[in-house]
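Biologist: Hi! Could you walk me through this model before I dig in myself?

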Amino acid sequence: MQLPTRGYILLLSLLLAACPLPKPTPVPGSELVIEGRRLFFEQIFNGNGRTCGTCHPASNNLTIDPAFIATLPDDNPLFVANTTSELGPNFENNTLIRKVGLILENQDGFDDLDNNLNMRGVPHTLGLTLSVDSPEGPQLGWSGDGSPGDASVRSFATGAVIQHFTKSLNRVPDVDFRLPTDEELDALEAFQLALGRQEELELPLSFTNVIAARGQEIFNSPTEGKCFACHFNAGANGAPQVFGPEAGNRNFNTGVEDLPDQPADLLEERNPPDDGRGTPGEGEFNTPSLVEAADTGPFFHNNSVETVEGAVAFYNGNAFNDSPAGQLLVNATGSGINLDATQVVAVAAFMRAINALENVRQSIEMLQAKVDNTILPHEDFDQLLDRAVDEIEDAISVLAGGGLYPQAVDHILEARHLTLEASKRSRPAKLAGRAITELERARDLIVESP
Amino acid sequence: MLKRLALVGLILSSIVICPSHGQKATEIFIPIGKSPGVSGKYSVIGTIASFDETTRVLTIKVEDAEHTVTITEETKIWLDKSGIQQTNEIGSPADCRQGRLCEMKYVYDGKTRTDKAEWLKIRVGDSD
């Protein structure tokens, strides 16, 4: 008896659904990035159990904050100082990790561990190709001097292992940890440089929301926000028209250390003043990119400000306007930064919008890789849909947190639903493709295409 | 307004420009020959031939060649005790003893090498 045509089609579909997908296609030349990713999230360098991913988890934009830290079990290596007597309070402060997201750094030396320390937030590692170069060489870490050796991104892991991976405060190589090999440094560098944006924004963008659009105007205004001077195109580099064609990433004393009522101080924990770049320092700290800011708070080197609105408002206050950088601005322009509440919100709305656009971009990239069954070397292929959900949820949180673009948020919510459904399927391409369509619709509602 | 801001930029540039100096803090724990991107490129590894306490000139012998450098007040001196599995320590010019293995990184002014030492690592062991 012959099956009817429909039956053949159904049988074929069932057979296809049952067949495993072919292995994803690797991109030629991506092996170094893939190895770097493995090292970043798995290699403990014979140390205390931490990996780079302990403080730079992929699911949290490669940084940690109190909300994320609260989800970690007590035996997570982030809390290794609690369980290892050879480490203790001169390695990490458990209260400041959990309540403020601060980790301990000895950037001024290891000769007096009781006093020579500073508590700093964990910078994300997104968009490094765009944010570390300067005429003075690479600028890494919160004070721009975070890397040993030749001060490069490549060498950074060596310093990180010594500071954060050690089994004891003796910090003896091949006893308390092992140093990364040259090959490992090459791979880690390749991976880190592959993370996040690879291109700068080109402002102005045509925001459909009048508040975000106004915020962009204020941001780029030399008389109002003046933000563009140090954050050209909302990145980490100085504006060429202010600092010259090779402006690059810079360090400034903006007075953050002079803020009153810093969370770490209110907790009455050991929190010595941080003098920033150099030993002794002059209070200069590194300029981060703002595209990634809205979903990577708290803000500034000491996590002293929780919200993006608060971070913008900082520049209105005495701490900034009395700082060396603030005073130069006053002398040069006749006034400090003096934004009213609605203007602060507008600039923050602009920062939320550009961050959401970046979240959308990243999630589309991950979903497209699933559709095409290709490997993104800086992402685990099997985790792509989960990672896409991470970015999608960030976009939702960032926009909804500012009361922005409700229609776009609806589309992003639908994208989230579709992605979650896709993650349950053995062949997720179709649903992933529909999620991309929803994200593209959301993007078109946020900003008009050129 | 932009011209005035450009002036700000020039002033700030003059303040912040200084040689990139990395995080010397963890450098103390990096054994001789292992400084990433530095060892074998911007440093010299050899044995101490002599140290003049008056002129503070250090002479390092590398195979048949000699390299001289000035140990300034800013030069970081570290004792590399990793070979005996002890914690590396801050040293002093007094530790510049003849025959000791050392690695010295020059101070660079931009891309120009000076005759000053940025840091000096001296290998010490149980017999020292």
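Predicted model: local features only at pLDDT ≥ 70, side-chain atom pairs only at ≥ 80, totals over all residues.

Biologist: What does the secondary structure of chain A come to?

Modeller: Chain A has 19 helices and 6 strands (DSSP runs, H or I of at least four residues for helices and E of at least two for strands, numbered from the N terminus).

Biologist: And how much of chain A is buried?

Modeller: Buried residues are 54% of the 450 in the chain; buried means that 20 or more other C-beta atoms, placed from the backbone, lie within 10 Å of the residue's own.

Biologist: Switching to helices: at what angle do α17 and α18 of chain A pack?

Modeller: Helix α17(A), residues 384–401, and helix α18(A), residues 406–422, pack at about 160°, with axes 9 Å apart. Axes are lines fitted to C-alpha atoms over the stretch in contact, and angles run from 0 to 180 degrees between N-to-C directions. That makes the two helices roughly antiparallel (angles over 145 degrees).

Biologist: Which residues meet there?

Modeller: Among them, Leu385(A), Ile392(A) and Glu393(A) of α17(A) meet a set in α18(A) that includes Ile412(A), Arg416(A) and Thr419(A). Contact means C-beta atoms, placed from the backbone, within 7 Å.

Note on methods:
Residues numbered from 1 in each chain as written. Chains lettered and ligands numbered in written order. Buried ≥ 20, exposed ≤ 12 C-beta atoms within 10 Å, placed from the backbone. Parallel < 35°, antiparallel > 145°, perpendicular 65-115°, else oblique. Contact = placed C-beta atoms within 7 Å.
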